[in-house]
Amino acid sequence: MAAKTLEEAGYKDFIILEASSRVGGRLHKGNIGGHTIELGANWVNSGGPKSSPSLQIAKKIKLKTFYSDYANLTSNIYKQDGGLYQKHVVESAVRIAKTRDAFCTNLSKILSSETTRDDDTSILGSQRLLKEVPMTPLEMAIDYFFNDYEDAEPPRITSLKTTYPRNQLVDFGEDSYFVADPRGFESVVHSVAKQFLSHGHQVIRDPRLKLNKVVRNISYSKDKVTVKTEDGSVYQANYAIVSVSIGVLQSDFIEFTPNLPLWKKLAINNFNMAIYTKIFMKFPYKFWPTGPGTEFFIYAHERRGYFPIWQHLENEMPGSNILFVTVTDEESRRVERQSDEKTKAEIMNNVLRKLFGNKIPEPQSIFVPRWWSNRFFNGSYSNWPNGFTQQSYKELKEPIGPIYFTGEHTNSTYLGYIDGAYFAGINTANDLIKCFKQFSDGHHI
């Protein structure tokens, strides 16, 4: 979107350096058993007063999406050693969770109204104020669904004021639609790219897009930027937009010469890159409940976040026999560190056989995305931690000389979402265009 915005403003002398062999970033499809799955972003929101850019593009290209029906989740929560919780017990716990949710929203609005102060607390801090801290496996599992499942980090870490109310849901709607299309969610990015990059036979052929260009060094002065890639290529321009994730910025994978100032490095390193992992398994046949109201189920364990949120894909891919579970944060790191075989054995022995019996079949295949270990991402998406101030966030986004920074982590309204990335690209390009018009004429961007 940054490049498209520049192009539309008449600034066409740019290049896009992409580290991988494809465009799309954290919109990335995979395959298990001949079925396309989404390793990263997976849902679009609908039903709100505004229409999200990702939904608009998805509709335009007729991307296949399926409504995610969480309505019957209160009937589908399993105990640690097997067996379902009684529905009335779950409904009581959900009512309390909704009370916590409403309290969080109201407290956030109070904190945000204090313009002379920058007070904040964690989501857990607000739960403590309400005297409603989730303690039991059931309470923690439901709280996980309300918070970690969205933020990819636990309430003790996440900022209340910048998270509640959840603007993505308030603006674009709480109806979630699951993308399940052979072209992949990444086709949304391809659609944007084809609007301004030359292409043929569905392949982008524009020479301004350089694939497999892994940037390792960015040298800069007051009016020049030199970018060096892993393959020895060197590119020079008057300005650069850096759109890597906050995780990559924290890793020092890219060397800046001279070093970024301390205030900038502190802002980068005090922000959070969260991890959200969907573990897919394909089985020879279904052994879990199917039909209306069964798409999602929750596993409540005494260890918060232990293989908690499950979804089958019989609605999206009938006959696929695919089941996947979502883990986040430290569980994601733990799973990434161990072998897929160990993860498979752990899931089968510690969870699925407890829920559905010892006679269930072994999965034919398992797919574990590794966003944290991937040097081009170092995580899934950003999350605003408690204690990170508005001033620090301003510094996180601040340009350094001719270097501008963009990405979902620079859009506080839709932080962590595709739509945040969409608007961040536009906003950063417009900031650069303003500077460009003021101080230069005809320079390379």
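Ile298 stands opposite Ile309 in strand 19. This is a predicted model, in which local features need pLDDT of at least 70, side-chain atom pairs count only at pLDDT 80 or more, and totals for chains, interfaces and linings use all residues. Residues are numbered from 1 along each chain as its sequence is written, and side-chain values use heavy atoms, with hydrogens and water left out. Helices (H or I, at least four residues) and strands (E, at least two) are DSSP runs, numbered from the N terminus.

**The sheet of 6 strands**

- Strand 18 (residues 296-299) and strand 19 (residues 309-312) are antiparallel partners, paired over 3 bridges. Two strands pair if DSSP finds at least two bridges between them.
- Both belong to an open sheet of 6 strands, ordered 6-18-19-20-17-21, with mixed pairing.
- Strand 6 (77-78) and strand 21 (365-367) are the edges; each has a single partner strand, so one side of each is left without a neighbour in the sheet.
- Helix 11 (residues 329-337) packs on the sheet and touches strand 17 (276-282) and strand 20 (322-328). Contact means heavy atoms within 4.5 Å.
- The direction of helix 11 makes about 115° with that of strand 20. Axes are lines fitted to C-alpha atoms, for helices over the stretch in contact, and angles run from 0 to 180 degrees between N-to-C directions.

- An open sheet of 3 strands runs in the order 4-7-5, with antiparallel pairing.
- Its edges are strand 4 (43-46) and strand 5 (65-67); each has a single partner strand, so one side of each lacks a neighbour in the sheet.
- On average, neighbouring strands of this sheet are turned by 35° against each other, direction ignored.
- Strand 5 and strand 7 (residues 175-179) run antiparallel and are joined by 3 bridges. Phe66 has Phe178 in strand 7 as its bridge partner.

- Two packed helices are described by the angle between their axes and the distance between the axes.
- The axes of helix 3 (residues 87-113) and helix 4 come within 10 Å and cross at roughly 110°. Helix 3 and helix 4 are therefore roughly perpendicular. Angles under 35 degrees count as roughly parallel, over 145 as roughly antiparallel, 65 to 115 as roughly perpendicular and the rest as oblique.
- From helix 3, Thr99, Arg100, Phe103, Cys104 and Leu107 meet Ile123, Ser126, Gln127, Leu129 and Leu130 of helix 4. This contact has 6 nonpolar, 3 polar and 1 charged residues. Ala, Val, Leu, Ile, Met, Phe, Trp, Tyr, Cys and Pro count as nonpolar, Asp, Glu, Lys and Arg as charged, and the others, Gly among them, as polar.
- Helix 10 and helix 13 (residues 390-397) have axes that come within 8 Å and cross at roughly 110°. That makes helix 10 roughly perpendicular to helix 13.
- Trp263, Lys264, Ala267 and Ile268 in helix 10 meet Ser392, Glu395, Leu396 and Lys397 in helix 13. The classes here are 4 nonpolar, 1 polar and 3 charged.
- Helix 2 (residues 53-60) and helix 14 (residues 418-439) cross at roughly 100°, with axes that come within 8 Å. Helix 2 is thus roughly perpendicular to helix 14.
- Pro53, Ser54 and Ile57 of helix 2 meet Ile418, Asp419, Tyr422 and Phe423 of helix 14. By class, that contact has 5 nonpolar, 1 polar and 1 charged residues.

**The second largest pocket**

- This pocket has a volume of about 310 Å³. On a 1 Å grid over the protein atoms alone, a pocket is an open set of points where a 1.4 Å probe fits, with protein on both sides within 12 Å along at least five of seven lines; lining residues have an atom within 4 Å of a point. The volume is the space filled by probe spheres set on the points.
- Of its 17 lining residues, Asp148, Pro154, Pro155, Arg156 and Arg304 are the closest to its centre.
- Helix 4 (123-130), helix 5 (137-146) and helix 11 each supply at least two residues of the lining.
- The lining divides into 7 nonpolar, 3 polar and 7 charged residues.

**Backbone spots to check**

- Most residues other than glycine have a negative phi, and most peptide bonds are trans.
- Tyr164 and Pro165 are joined by a cis peptide bond, with omega about -10°. Pro165 sits in the loop between helix 6 (148-151) and helix 7 (167-172).
- The peptide bond from Thr257 to Pro258 is also cis, with omega near 0°. Pro258 is in the loop between strand 15 (255-257) and helix 10 (262-270).
- Phe307 is not a glycine, yet has a positive phi of about 45°. Phe307 lies in the loop between strand 18 and strand 19.
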